[in-house]
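My plan is to look up a few things and jot them down as I go.

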Amino acid sequence: MKQTIVVKVTMNGDKSRSKALKIVVGLSGVESASLKGDDKSQIEVTGDGFDPVKLTSKLRKSVGHTELVSVSAVGGEKKDEKKDEEKPAAYVWPYNQPLYVHQAVPSYGYVQQYDPCTII
């Protein structure tokens, strides 16, 4: 499920902003991260399959006070598009034909004459 979260982080300067963005982007499942707000203290993270609580705790440990502002699901439009796509018709095997056909395979053999060589 694709989701967007907003995290408010107490950042003192460019160095802490850079550090926070590196942590966010380094998490598996994150597709994009951007700074929001007037003072650039909020980070908006979009991705699929990442844990917002784990992200918040990592930011708290390395940057400072972090607050999870919002979590929302994204992708309502894509579900509608998938419904509009045509699905191929299912193939039904005819009942009067067997599922497999067994044919006898002719056997071929090769015989080699083995002549042991002895040295006298």
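Predicted model: local features only at pLDDT ≥ 70, side-chain atom pairs only at ≥ 80, totals over all residues.

Next I looked up burial. Of the 120 residues in the chain, 19% are buried.

Then I turned to the secondary structure. I find 3 helices and 4 strands in the chain. Reading from the N terminus, I note the order β-α-β-β-α-β-α.

I also checked contacts along the chain. Taking those with a separation of 6 or more, I see that 64% join residues 24 or more positions apart.

My last entry is on a pair of helices. Two packed helices are described by the angle between their axes and the distance between the axes. I looked up both for α1, which spans residues 14-26, and α2, which spans residues 52-62. Their axes come within 10 Å and cross at roughly 150°. Angles over 145 degrees count as roughly antiparallel, so α1 is roughly antiparallel to α2. I wrote down the hand of the crossing too: right-handed.

Which residues meet there? From α1 I list Lys19, Ala20, Ile23 and Val24, and from α2 I list Leu55, Lys58, Leu59 and Ser62. Sorted by class, this contact has 5 nonpolar, 1 polar and 2 charged residues.

Methods:
Residues numbered from 1 in each chain as written. Heavy atoms only, no water. Axes fitted to C-alpha atoms, helices over the stretch in contact; angles between N-to-C directions. Helix = DSSP H or I, 4+ residues; strand = E, 2+ residues; numbered from the N terminus. Parallel < 35°, antiparallel > 145°, perpendicular 65-115°, else oblique. Left-handed = near helix turned anticlockwise from the far one by under 90°. Contact = heavy atoms within 4.5 Å. Nonpolar A, V, L, I, M, F, W, Y, C, P; charged D, E, K, R; others polar. Buried < 20%, exposed > 50% of the residue type's maximum accessible area, 1.4 Å probe, protein only.
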